[in-house]
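Hi everyone, thanks for making time.

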Amino acid sequence: MIERLLFPASGSCDQKGVKPSFAESRGCAESYNPIRKYFAVASETSMQSAEQTREERHDPKRWLERHGDVLYRYALMHMGNPAAAEDAVQETLIAAWRGHDGFQGTASERSWLFGILRHKINDYFRTESRWALLDEHSEEPDFDAADDIEAELFTPEGRWRIRPGGWGGDPLDHYEQQQFWQVFRDCLAHLPQRLREGFMMREVQEEEVARICTVLTITENHLYVLLHRARLRMRLCLESNWFQGDRNT
Amino acid sequence: MMGMPSCRDVARLLSHMQERPVPAGERLALRAHLMLCTSCRRYARQLNWLHDTLNGTGGQADAVRLSDNAKERIRHALSEKTGS
């Protein structure tokens, strides 16, 4: 279970066509009302029960139903192209079916499929001669290197230097989604590699904190810091490259 | 955290509370800050949007998932290639 504040996705402050600063000056601050929401994060391991028959475990259509959407999101965010992401999911499931004997059940079914998907995404970038996000031998500075994103965004007293802009309603309701995902992909590409891996594992794969820490060999407190930095960076990048100017007119 | 949290404190809290419980006192201070601070309120809303979009629980009609057409295509391909 994780706990978080839930904000109205597009409440009265964010109606289409209402300039945020205008809306806010009309008393949206008073009407703001965070609702606390609890929800369960589906645990991968719980999806895989010991009672499953071998046929059930070896059924690519069942994998599609259970994991297709999350595999697709992961692929889309790395590839920036819905059609390519759909293909990657399909190839992943076929490869999984062919190599299923290699699955010993030590990893969760979903982690196993993600492992195959990552290879497919790498193949895509290799054949397209495009720069892969998933390059394991990246020369990027280690994520431990001094990361001054907080110093960049906040004054020494802790105030915003660059104040978040108003984005309006849900961006995906109003824009060309394909273009958005290309921008998203580029923003993701600018994250240091392990920051990106931790962020995607947490936000897309919804892995549990303990497992991500094991994979990245870091402590929980370190992971919290990494995720915070990744969120600051992604938000800033999306705003600079996608939302700026458009939402406030 | 003593007294009123700064915007930097609030941004940290908003992130951390997605991974772990935050003490009641800090939550209270966070809410008080958000009532008064447009920038942090925006940040909070945008983080939530990012989270919901990435994990496919976005409230929008177009939550990011495989379309029915795409699923059907993939199911068809699986039948052909795997005979299942």
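**Salt bridges and a few other spots**

Okay, let's start with charges: over all chains, the structure holds twelve salt bridges. Keep in mind that this is a predicted model.

Which residue forms a salt bridge with Arg73(B)? The partner is Glu86(A), and the closest N and O atoms are 2.5 Å apart. Arg73(B) sits in helix α4 of chain B, residues 68-82, while Glu86(A) sits in helix α4 of chain A, residues 82-98, so this pair joins two chains. Now, are the two residues buried or exposed? Arg73(B) has a relative accessible area of 46%, which makes it partly exposed. Glu86(A) is at 15%, and that counts as buried, because the cut-off for buried is under 20%.

Next one. Arg12(B) forms a salt bridge with Glu150(A), with 2.8 Å between the closest N and O atoms. This pair also crosses between chains: Arg12(B) belongs to helix α1 of chain B, residues 7-16, and Glu150(A) to helix α6 of chain A, residues 149-153. Arg12(B) is partly exposed, at 32% relative accessible area, whereas Glu150(A) counts as buried at 18%.

Over in chain A, the side chains of Arg185(A) and Asp186(A) meet in a salt bridge, 3.1 Å from N to O. Here Arg185(A) is buried, with a relative accessible area of 7%, and Asp186(A) is partly exposed, at 39%.

And then there's a network. Which residues does it link? Salt bridges connect Arg202(A), Glu203(A), Arg231(A) and Glu19(B).

Ser6(B) is buried, with 15% relative accessible area. What is Ser6(B) in contact with, leaving aside its neighbours within four places in sequence? That would be Glu157(A), Gly158(A) and His33(B).

Another buried spot is Met201(A), at 8% relative accessibility. You'll find Met201(A) in helix α9 of chain A, residues 193-203. Not counting residues up to four places away in sequence, Met201(A) touches Glu206(A), Glu207(A), Ile212(A), Val215(A) and Leu216(A). Take Ile212(A) from that list: Ile212(A) and Met201(A) are eleven residues apart along the chain, and their C-alpha atoms are separated by 7.0 Å.

Now for a helix. Helix α5 of chain A, residues 109-127, has 19 residues. From its first C-alpha to its last, α5(A) reaches 27 Å, close to the 27 Å expected at 1.5 Å a residue. Its buried residues include Trp112(A), Leu113(A), Ile116(A), Leu117(A), Ile121(A) and Phe125(A). When you look along a helix like that, here's a handy rule: an α-helix has 3.6 residues a turn, so residues three or four places apart point the same way.

Last thing: confidence. The model scores ipTM 0.87 and pTM 0.73. For chain B, the mean pLDDT is 88, and 89% of its residues reach 70 or more. Where in chain B is confidence lowest, and where is it highest? It is lowest in α4(B), with a mean of 91, and highest in α1(B), at 96.

Notes
Residues numbered from 1 in each chain as written. Chains lettered and ligands numbered in written order. Predicted model: local features only at pLDDT ≥ 70, side-chain atom pairs only at ≥ 80, totals over all residues. Heavy atoms only, no water. Salt bridge = Lys/Arg side-chain N within 4 Å of Asp/Glu carboxyl O. Helix = DSSP H or I, 4+ residues; strand = E, 2+ residues; numbered from the N terminus. Buried < 20%, exposed > 50% of the residue type's maximum accessible area, 1.4 Å probe, protein only. Contact = heavy atoms within 4.5 Å. Expected span 1.5 Å × (residues − 1). pLDDT = per-residue confidence, 0-100.
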